[in-house]
Each structure stands twice: as C-alpha cells, then as structure tokens.
Amino acid sequence: FNEEVYPSQDDDVTVRQVMESILTNGFDGVITCTKGENDTYIIVSGHIRYRALMQLVKEGHSHFNEVMVFLKEFKSIQDEKMYILDMNNAKRKLNDIHQFRSIKIYLDIYRSNPDSDLSKRSEIQFLCDKLNLSERQVYKYLSIYKEFKGDVEKAIEVINQYGSVNKTAQSFENQKVNKKSKSIENINMTKISKIEASFKKGYNR
C-alpha cells in the first residue's frame, strides 16, 4: 500500500541513507506490524527501516538483529490504510505529489464510510485535519482532482509539467476565466450583429 503514495521510495539509495542514520543516531524508529496467518507478522509501516536493519545485520552489525516492534490490530483494510497514511503524514515531509496521492486515498475512505464518525466533519475539514492544510490549499487539490475525474496519474503528469499544485490550479482557473470571457464576447458580438442587421432593414429591435 505504501507504494500507492510513495511509488519510488523502495530503492537502494533510500535504504543506504536510513542505514547511515541508524549507525549515527541509533535505531529510534518504529516498525508497525499486524498479525498474519500461521503465527506470521506483516509489516504495516517501516518497510524501509526493516530493509535497512536487515542489511546492517548482513554487514556484521548483529546487535540490530532484534528490535522492538509495535503490534497493531485493524478492524478493516480501510482502517489499516488510514493508519498508514496518518503515520506517514506525521513523519514525512510530503511534496505536492505525495499530498495529491494521499488526498485521493483519504477521499476514497471518507466517501465509502458515510455513516461512520468520519462524516461528523465535512469532506474539506476532514482533509484539512489529516494533511494539516488550509481550506484554500485543499480546494486547489480538489479542483485538479475534479478536473481529471479522479485519475490521479494523469493529474500528476500535469502537475509535474507545471511544477506545483499551485501553478496547476492557477492555470486551470485562468483557462476558465478566459473561456468565460470569450463566451461573453461572443454573446456581445451576436447582439451587435443583430442591431446592425436591424438598422439595414430600417428599424431597431
């Protein structure tokens, strides 16, 4: 699931950076697991930290062979997704793309639970609280989301072209203003042409 929000996170460069951080500062992170089948445990959050620890053990740092983990139970897949997003958003500095992917998943969770406690807050307020964004910024993300009818990948392509969500939203707004202005201009030109035609006929309407 992490790859839905951070598709490029699981790479050797990132693992090496985490390894260096652990060697310098010690392991003070959290690996969250949930219980699987046949007495197994599934990592929910902390995949990169796990890979970094495993690599350190392979390189001779055997004191990292055992670490404390946080064991958590989830009521549903959506509950698990919400937890992962909340954990990541609290710890990571999210760029526009990560924020946009997070909003998509948060929206899916919110809209699929109309009778839950989530509905006590408006959709906008829910996203503001989860991502620590202003209403104005959330509206910008949602305007892009709506423009592409929920197709996150197409939206991200355009965001990358413009360089940021702010620039993308502003571009769309400018396009709407220009379109409206042209529409008004066309209406005015039509009225003028009718007036000119009526003068030729000798009367005014």
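## Helices H5 and H8

Helix H5 (residues 96–111) packs against helix H8 (residues 152–162) at an angle of about 160°, and their axes are 11 Å apart. H5 is therefore roughly antiparallel to H8 (angles over 145 degrees count as roughly antiparallel, under 35 as roughly parallel, 65 to 115 as roughly perpendicular and the rest as oblique). Axes are lines fitted to C-alpha atoms, for helices over the stretch in contact, with angles from 0 to 180 degrees between N-to-C directions. Helices (H or I, at least four residues) and strands (E, at least two) are DSSP runs numbered from the N terminus.

The crossing of H5 past H8 is right-handed (the near helix is turned clockwise from the far one by less than a right angle). H5 contributes Ile 97, Phe 100, Arg 101 and Lys 104 to the contact, and H8 contributes Val 152, Glu 153, Ala 155, Ile 156, Ile 159 and Asn 160; contact means heavy atoms within 4.5 Å. By class, six of these residues are nonpolar, one is polar and three are charged (Ala, Val, Leu, Ile, Met, Phe, Trp, Tyr, Cys and Pro count as nonpolar, Asp, Glu, Lys and Arg as charged, and the others, Gly among them, as polar).

## Basis of the model

The model is predicted: local features need pLDDT of at least 70 and side-chain atom pairs pLDDT 80 or more, while totals for chains, interfaces and linings use all residues. Residues are numbered from 1 along each chain as its sequence is written, and side-chain values use heavy atoms, leaving out hydrogens and water.

Three strands form an open sheet in the order E2-E1-E3, with mixed pairing (two strands pair if DSSP finds at least two bridges between them). Strands E2 (41–45) and E3 (70–71) are the edge strands, each pairing on one side only. Strand E1 (residues 32–35) runs parallel to E3 and is joined to E3 by two bridges; Thr 32 has Phe 70 in E3 as its bridge partner.

Helix H4 (residues 77–91) packs on this sheet and touches E1, E2 and E3, its direction making about 50° with that of E2.

## Helices H4 and H6

H4 also packs with helix H6 (residues 123–131), at an angle of about 50° and with the axes 9 Å apart. H4 is therefore oblique to H6. Met 82, Asp 86 and Asn 89 of H4 meet Phe 126, Lys 130 and Leu 131 of H6. The contact has three nonpolar, one polar and two charged residues.

## Aromatic pairs

There are six aromatic pairs in the structure (rings of Phe, Tyr and Trp, the last by its six-membered ring, pair if their centres lie within 6.5 Å; planes under 30 degrees apart count as stacked, over 60 as edge-to-face and the rest as tilted). One of them, Phe 148 with Phe 172, is tilted, at 5.9 Å centre to centre and 50° between the planes. Phe 148 lies in the loop between helix H7 (135–147) and H8 and Phe 172 in helix H9 (residues 165–201), so the pair ties together parts 24 residues apart in sequence.
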